[in-house]
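Please go through the report below with the sequence and the three-dimensional view side by side.

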Amino acid sequence: MLDGGELDVLTGDYLAELTMLILGRDRLRDPGLGYAKTFLRQLETCLGTALDQGVRIVTNAGGLNPAGLASAIEALATRLGLPARVGYVEGDAIERPDALTANAYLGAFGIAACLDSGANVVVTGRVTDASLVIGPAIARYGWGRDDLDELAGATVAGHLVECGAQVTGGNFSFFTELPDGGRRPGFPIAEVYADGSTVLTKHQGTGGAVTVETVTAQLLYEIGGPAYLGPDVTTRLDTVTLRPDGPDRVRISGVRGTPPPPTLKVGVNNLGGFRNSMTFVLCGLDIEAKAALVRGQVEEAVGKDGLEFTLARTDHPDASDTEAASALLHVHLRDSDRSRAGRAFSAAAVELALASYPGCTLTTLPGDATPYGVFTADVIPQDDVTHVAVLPAGERVPIAPPIRTAATSEDETVPADAAALEGPTRRGPLGELVGARSGDKGGDANLGVWARSDAGYAWLRAWLTVERLADLLPETAPLSVRRYELPNLRAVNFVIEGLLGAGVAASTRFDPQAKALGELLRARVVDLPADVPTGAGR
């Protein structure tokens, strides 16, 4: 990014919900840690280049210890003989004696204050991912708390670039259509303008692509309803307009903002206990009976409490090789007792190798248990959080919360138009007409689906109901599912509550972060409208 072309600010998002748990465990071992050490190693090779080019660096790599990372950066700059001015933002840590970590998602005005004071490196703890872009835009254009549309536009820009190459063709449903087949997508650049509009692009000569569809895909990532809540503004995703603006350029405009909620989201991590897993290979005939035999034997050996069995029917009838003829039985154990979840469990599984079903073998060696975490989300009044910008000279500047806030009610869905389902149909994979992007939000998953044409969207919004989703993805049937429509994006978005249980760190799903959920849906064979062509178009 620094060598490939013009740049004002380089941002780096290092914090996921799982990352905060990892940093919390680091801090237990060493109170001086709690920040992303990877960032410090990366910075050593490029800090001089950034300073020479006047590029400012803004990152949330401070994690649980932004002051500690800021000090480490200053020490690094001194060792390298570089004149770095480092500011940092703190105040996100919430006192919860019963939690490993508890951190509020702060906004962008503390970042802006550090930049306004001349910082060329700004470190934060837990801020919203989009704040890394909103803060530099505030500093550049002098936006205030009431510039809601501008803040909302920058929020969209920040949401788009937070996952790097995921908006330039990474993880894209139609990757085979990209110029380089998706082999090495370049990183995105957000050109944010004074009115809050943005052009999404990338450096010339880099791979991947920036198209309306690659941008749409990332807009649908890890969102809920059209009201996208943030600490500085509530962004209306149903007002976003995307238009081509030249090769590898997409203009984002029309974004409207309303006052933010009176509360901040708080991410809470706790250690949930210990877990272990073993996988049995079941080959050939009588797969269900073999799985039942293993289940009874394992339960008798270690007890039923905390055990979970998942049978993946990867076997094919009349297969000519062992792998194609085999199913996998995944056995998970979670317990507060490390010894029971450790060798006592894994050794018991291995000891069945000569005393269980015919052809018994395992893909895993016996191992010890590992700790797992549980993520929950809470809220706290914005007024209860002390948001502070620590400037390079050491001055501590309090960042006042927004004066104007508004509670946001649940978005409602517009009834579908059944007339759009009339006409001839043909059988085919759903992915011939739609793209999808899915992800995790704590224990919930989101699944965004977009159509490639107006005609496709008219059919999609009428056809893909919550009930039909339950038919196509049976694991969603017993769960509460919220469905939203985003006509400007030709998309519908589902929030599937509780699909991931206690969160990524505790999940035993084959796809614990629901990243493949969208591709599973696209692979289902359904009745497609025969008069809607495949491929992108109006």
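Thirteen residues line the largest cavity, and among these 13 residues Leu264, Gln382, His387, Pro401 and Pro402 lie nearest its centre. The model is a predicted one, in which local features need pLDDT of at least 70 and side-chain atom pairs count only at pLDDT 80 or more, whereas totals for chains, interfaces and linings use all residues. Residues are numbered from 1 along each chain as its sequence is written, and side-chain values use heavy atoms, with hydrogens and water left out.

Rolling a probe the size of a water molecule over the atoms shows where empty space is left. On a 1 Å grid over the protein atoms alone, a cavity is a set of points where a 1.4 Å probe fits but cannot get out, and a pocket is an open set with protein on both sides within 12 Å along at least five of seven lines; a lining residue has an atom within 4 Å of a point. Grid points are joined across faces, edges and corners, and a volume is the space filled by probe spheres set on the points. In the whole structure the search finds three cavities of 30 Å³ or more. In the table, Ala, Val, Leu, Ile, Met, Phe, Trp, Tyr, Cys and Pro count as nonpolar, Asp, Glu, Lys and Arg as charged, and the others, Gly among them, as polar.

| Space | Volume | Lining by class |
|---|---|---|
| Largest cavity | about 100 Å³ | eight nonpolar, three polar, two charged residues |
| Second largest cavity | about 50 Å³ | three nonpolar, four polar, two charged residues |
| Second largest pocket | about 400 Å³ | nine nonpolar, six polar, five charged residues |

The second largest cavity is lined by Glu17, Met20, Thr101, Asn103, Tyr105, Arg126, Gly267, Asn269 and Phe375, and the elements that give two or more residues to this lining are α1 (17-29), β4 (101-104) and β13 (263-283). Helices (H or I, at least four residues) and strands (E, at least two) are DSSP runs, numbered from the N terminus.

The second largest pocket, of about 400 Å³, has 20 lining residues, of which Thr310, Glu475, Arg509, Phe510 and Asp511 are the closest to its centre. Two or more residues of this lining come from each of β14 (307-312), β15 (326-335) and α13 (517-523).

Strand β15 also contains Ser326, which is buried (under 20% relative accessible area, where exposed is over 50% and partly exposed lies in between, with a 1.4 Å probe and protein chains only). The relative accessible area of Ser326 is 5%. Leaving aside residues up to four places away in sequence, Ser326 touches Val281, Leu282, Cys283, Thr314 and Asp315, contact being heavy atoms within 4.5 Å.

An open sheet of mixed pairing is formed by six strands in the order β1-β2-β5-β3-β18-β19, two strands being paired if DSSP finds at least two bridges between them. Because β1 (9-12) and β19 (396-399) stand at the edges with a single partner strand each, one side of each is left without a neighbour in the sheet. Within the sheet, β3 (residues 86-90) and β18 (residues 387-390) run antiparallel and are joined by three bridges, with Val89 opposite Ala389 in β18.

Eight of the 11 residues of helix α5 (residues 131-141) are buried, so α5 is largely enclosed by the rest of the structure. These buried residues pack against β1, β2 (56-59), α4 (109-116), β5, α6 (148-161) and β6 (188-192). Gly142, with a positive phi near 70°, follows α5.
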